[in-house]
Amino acid sequence: MNEVVEKALRGMALLPVSNIRHWTDRTFSFSAERPAGFRFRSGEFAMIGLMVEGKPLLRAYSIASPSWAEHLEFYSIKVDDGPLTSRLQSIQEGDQIVMRPKPVGTLVHDALLPAKRLFLFSTGTGIAPFASVIRDPDTYERFEEVVLTQTCRDVGELDYGHALMKEVREDELLREVVGDKLRFLATTTRQPSELMGRMTDWIRDGRFAEATGAPLNPETDRVMICGSMAMLQDHKALCEAAGMLEGSNSEPGHFVIEKAFVD
Ligand code: A2P
């Protein structure tokens, strides 16, 4: 490795990838080798990317695998003119990604006060941190009910979430821990499907309360939100209107938010 590249890589890990899967023409997932000694909390993100012209090109990616898993998993959007994803989408088995091994984030249990129900609201690839949270046994020790929601434009974009739910149901250890505590509400906004509409609209017009048994309540409920900037703002406003306070690692609260990776 030449000196310039070596310098650029200081403190970073080079990780071979495997298990690349293209879910739709807009999304794909892959696994990366987990460096020895790399620890993270389920729901956190890390800076990952590729070496481009001798320099690391990094973006914040939620780790989609739970903290106990052997491999790191990532779920990504493909943006044709996106600096990173235009390249990352053609990654092949055995190629290497770069990772700065310093995980951070607020979509973690430490940022939420104890309660009964946990809602994980996502749009598009915003489901990634929750793929980690719903596969962590700790989630079911802390909450009696866990409801994951994902809203996408088209039905095909929900495949990743459905596959994830199947994996949880079929995993010998997880299925015991999860029991019937976990639900997935998957909605579309542009292509017809069984459940339609933005989850924000569901919360406003009562469909959410009907589907889950009660409206959002700071006494009983905690919320994690991941999606676009506009989606975060809308969900945040709804949480605040319900009397919820935003939490952080240093001051746990009722809800936490994080922007899903975009380019
Ligand atoms: P819509 O089709 O009504 O815009 P995108 O692919 O643009 O990131 O959107 C992913 C999903 O998030 C779409 O179903 C989109 O619905 C929905 N969405 C976009 N903006 C918001 C918002 N502000 N609040 C809730 N859902 C949103």
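## Salt bridges

A salt bridge here means a side-chain nitrogen of Lys or Arg within 4 Å of a carboxyl oxygen of Asp or Glu. This is a predicted model, where local features need pLDDT of at least 70, side-chain atom pairs count only at pLDDT 80 or more, and totals for chains, interfaces and linings use all residues. Residues are numbered from 1 along each chain as its sequence is written, and side-chain values use heavy atoms, with hydrogens and water left out.

The salt bridge count comes to 13. Take K116 and E145, whose side chains meet at 3.9 Å, N to O. K116 sits in the loop between β6 (96-104) and β7 (117-123) and E145 in strand β8, so the pair ties together parts 29 residues apart in sequence. (Strands are DSSP runs of E, at least two residues, and helices are runs of H or I, at least four, numbered from the N terminus.)

R26 and E157 make another salt bridge, at 2.7 Å, N to O. Buried means under 20% relative accessible area, exposed over 50%, and partly exposed in between (1.4 Å probe, protein chains only). E157 counts as buried at 9%, while R26 is partly exposed at 28%.

## Aromatic rings

Now for the rings: those of Phe, Tyr and Trp (its six-membered ring) pair if their centres lie within 6.5 Å; planes under 30 degrees apart are stacked, over 60 edge-to-face, and the rest tilted. That gives nine aromatic pairs. In one, F28 and F30 have centres 5.8 Å apart and planes at 25°, so they are stacked. F28 is buried at 0%, and F30 is buried at 1%. F28, F30, Y61 and F74 form one aromatic cluster.
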